[in-house]
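Please keep the sequence and the model at hand while working through them.

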Amino acid sequence: MGILELKNVYYNYRNKHQTVEVLKDVSCSFETGKIYAIIGKSGSGKSTMLSLMAGLDVPTSGQVLYEGIPTSEMDLDRYRREGVAVIYQNFRLFPLLTISENITYPMELRGFKGEPARQKAKELIRKVALPETVLDRFPAMLSGGEQQRVAIARALSMDTKLILADEPTGNLDEENSRNIIDILVSLARNDNYCVVMVTHDLSVIPRMDVVYRLSGGQLFPE
């Protein structure tokens, strides 16, 4: 059994004219030690699928299971705080916090504070190949590629083995995109994380262990 599993997931929403079926009977499993890509055209349901996996909503029917437990039966705030780390296209760093404070923020939510948290931030910033000197800077002082590395370090501070990445290279140039993919691949294969990435960048496909395509709300293995 994978760390995350979708079983016969449907997701609908209703506007003033009709009910829109976004996901239709989606089933798949995600394991630690592997990196996955979910690809598909805009409007295919990728973002909806990721939001269900991240615990931002629950399926209309079917189940999303984290370590065998349906998210619909969980405290979703706690799941988002402790179970899953999400990396975004636009980084979503706190602009008024230092890099160190950005990285330690998820630790502090779990009661891990002070110098031990600061030392952990130093370990994590090195893990994403940035110097410790960036810890006292603010996000606006860093390049986009550096900010995304910080976002990865913050995700790692959450002490979960599940990382969801929403278009993590979407705002980066080719070189920085390649570096970010290198880090995510290494986390999966060398550190036993489960990394699931939604992307439009088809150049990453050869680096993935498993690729799924969403089309018309249905999921197909590539």
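**Exercise 1.** With which residue does Asp77 form a salt bridge, and how far apart are the closest N and O atoms?

*Solution.* The model is a predicted one, in which local features need pLDDT of at least 70 and side-chain atom pairs count only at pLDDT 80 or more, while totals for chains, interfaces and linings use all residues. Residues are numbered from 1 along each chain as its sequence is written, and side-chain values use heavy atoms, with hydrogens and water left out.

A salt bridge is defined as a side-chain nitrogen of Lys or Arg within 4 Å of a carboxyl oxygen of Asp or Glu. The partner of Asp77 is Arg80, and the closest N and O atoms of this pair are 2.3 Å apart. Turning to the sequence, Asp77 and Arg80 are three residues apart in helix H2 (residues 76-83), so that about one helical turn separates them. Helices (H or I, at least four residues) and strands (E, at least two) are DSSP runs, numbered from the N terminus.

For accessibility, buried means under 20% relative accessible area, exposed over 50%, and partly exposed in between (1.4 Å probe, protein chains only). Asp77, at 46%, is partly exposed, and Arg80, at 29%, is likewise partly exposed.

**Exercise 2.** Where in the structure do Arg118 and Asp136 lie, and what does their pairing tie together?

*Solution.* Arg118 and Asp136 form a salt bridge whose closest N and O atoms are 3.3 Å apart. Because Arg118 belongs to helix H4 (residues 114-127) whereas Asp136 sits in the loop between H4 and helix H5 (144-156), the pair ties together parts that are 18 residues apart in sequence. Arg118 is partly exposed, with a relative accessible area of 23%, while Asp136 is exposed, at 54%.

**Exercise 3.** How far apart in helix H4 are Lys120 and Glu123?

*Solution.* Both residues lie in helix H4, three residues apart, which is about one turn of the helix. Lys120 and Glu123 form a salt bridge, with 3.9 Å between the closest N and O atoms. Lys120 is partly exposed at 32% relative accessibility, and Glu123 is partly exposed at 45%. The structure holds 11 salt bridges.

**Exercise 4.** Is Thr199 buried or exposed?

*Solution.* Thr199 lies in the loop between strand E8 (194-198) and strand E9 (210-215), and its relative accessible area of 0% makes Thr199 buried. Contact means heavy atoms within 4.5 Å; not counting residues up to four places away in sequence, Thr199 touches Ala37, Ile38, Ile39, Lys46, Glu167 and Val204.
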